[in-house]
Amino acid sequence: FFFDSQPPLGKQLIALSAYVSGYNGQHVFTNIGEKYESDVPLKALRFVPTLFGSFIVPTVYHLIVEMGLTHRTATLAALLIILDNALLTQSRFILMETILIFFSLFGILSFVISTKKPTFSVGWISWLIISSLFITFGFCVKYIGIFSLFLIHFVIFCDFWTKLANKSIKTLYLWLEFVFYIFNFIILPILIYTTVFYIHLSMLTNAGPHDNIMTSAFQASLEGGLASITKGQPLEIAHGSQITLRHTHGRACWMHSHQALYPVRYSDNRGSSHQQQVTCYSFKDVNNWWIVKKPEINDLVISEPIDRIKDGDYVQLIHGMSGRALNSHDVAAPVSPQNQEVSCYIDYNISMPAQNLWKIKLLNSDETNGFWHTISSRVQFIHVNTSQALKFSGKQLPDWGFNQHEMVTDKNHNQEDAVWNVEEHRYTK
């Protein structure tokens, strides 16, 4: 699995050419200018961009002709494409631009051809479908290709606006044409786009360098990586479970604590609880481990039968390395003073008792029969004393917090940053 800022169709076409040539995909392209290994089929990899680059020339020629200009003008336009150094360079290397440009231009050409056919004729319908397919293929290569689709939408709107004033055209025909346009240039592109990604995700079954930005459930579905770590781990969270808690949505980080304390006073002269820091850490670490404890049980060992945690239960979360309980007080958070600070409790004997009880709220309890499960359960931790939800604020702590991310509690429960899931899990022996 890998993550890229553009859709995958262009890479899929090049990968198909490489696969047909017998390439095993082992070479890693790390630095520009380095030599290729002998087993890299360079011609096969460069074949697709070159092929589509050459297709641009006749496409431009026919587009100029279909727009009503002379063949001499079309020849000049094709020559300008042939002699364009930028397009020549793009065609020679393993790049996406020539694929994008051909798909977009051919989609526009097909649309121009369709305008010369009688409405609802076989030719009109066929060329419009071809236009939609190729335009969609364009933005399945690079997102900027969607502007070609917007161009088609604009032309259709202008044409349809003119037809509305023409009383000789039956209303039924206008409605049928409108429905066809909606299907062909909105619904069909969405179907093609999602199909391209379906193929992409079906092919990429192995863990990769970028899968940690995805949810735990998605990572666990890939071979290797997290799946190899979580394979065989217990499913149900119970009293005595050792867990890591991952922020479910957005930034990948894990609830974390360490021996450092919040400073007595912040830079704005506000006081803190001077308790042990709790943060959201972007890397896996031994300090990310917590132990689930029921308040009425003193030991932390799994018993038989296991005492499963269910929706609505009250628990304490004990930091594995320091042995201190997750806590929150009516003290302003360090970077988000509108929220409440989260800490691991230290008893300073200064009339500030622990407030370390948390209510388990499972957002998808119907999927797990009401019990808290590893990876699949989306859970919120509601602070019992204040009824606020444990939340990743998204803000970064200063140097005293090692530039890790702030944890707070918030009165508003209905937000993605307050949703967590268990990623790694084992029973305490």
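Ile 186 counts as partly exposed, because its relative accessibility is 38%. In this predicted model, Ile 186 sits in helix 8, which runs over residues 171-203. Ile 186 also belongs to a nonpolar surface patch, together with Phe 183, Ile 187, Ile 190 and Leu 191.

For a contrast, have a look at Trp 290, which is part of strand 4 (residues 289-293). Trp 290 counts as buried, since its relative accessibility is 0% and the cut-off for buried is under 20%. Trp 290 and Met 255 are separated by 35 residues in sequence, yet their C-alpha atoms are 8.7 Å apart in space.

Here are the two accessibility values side by side:

| Residue | Relative accessibility | Class |
|---|---|---|
| Ile 186 | 38% | partly exposed |
| Trp 290 | 0% | buried |

Now to helix 3, which spans residues 71-82. With 12 residues at 1.5 Å a residue, helix 3 should span 16 Å, and the 16 Å between its end C-alpha atoms agrees with that. Which residues of helix 3 are buried? They are Ala 74, Ala 77 and Ala 78. These residues lie on the same side of helix 3, because they cover an arc of only 100° around the axis. Helix 2 (42-66) is among what covers the buried residues of helix 3. On the other side of helix 3, Arg 72 and Leu 80 are exposed.

Key: Residues are numbered from 1 along each chain as its sequence is written. This is a predicted model: local features need pLDDT of at least 70, side-chain atom pairs count only at pLDDT 80 or more; totals for chains, interfaces and linings use all residues. Side-chain values use heavy atoms; hydrogens and water are left out. Helices (H or I, at least four residues) and strands (E, at least two) are DSSP runs, numbered from the N terminus. The expected span of a helix is 1.5 Å times one less than its number of residues. Buried means under 20% relative accessible area, exposed over 50%, partly exposed in between (1.4 Å probe, protein chains only). The arc is that of the directions from the helix axis to the C-beta atoms. Contact means heavy atoms within 4.5 Å. Patches are made of residues with over 30% relative accessible area and no salt bridge: like charges are joined within 9 Å, nonpolar side chains (Val, Leu, Ile, Met, Phe, Trp, Tyr) within 5 Å. Accessible areas come from the Shrake-Rupley method with a 1.4 Å probe; for residues, only the protein chains shown count as cover. A salt bridge is a side-chain nitrogen of Lys or Arg within 4 Å of a carboxyl oxygen of Asp or Glu.
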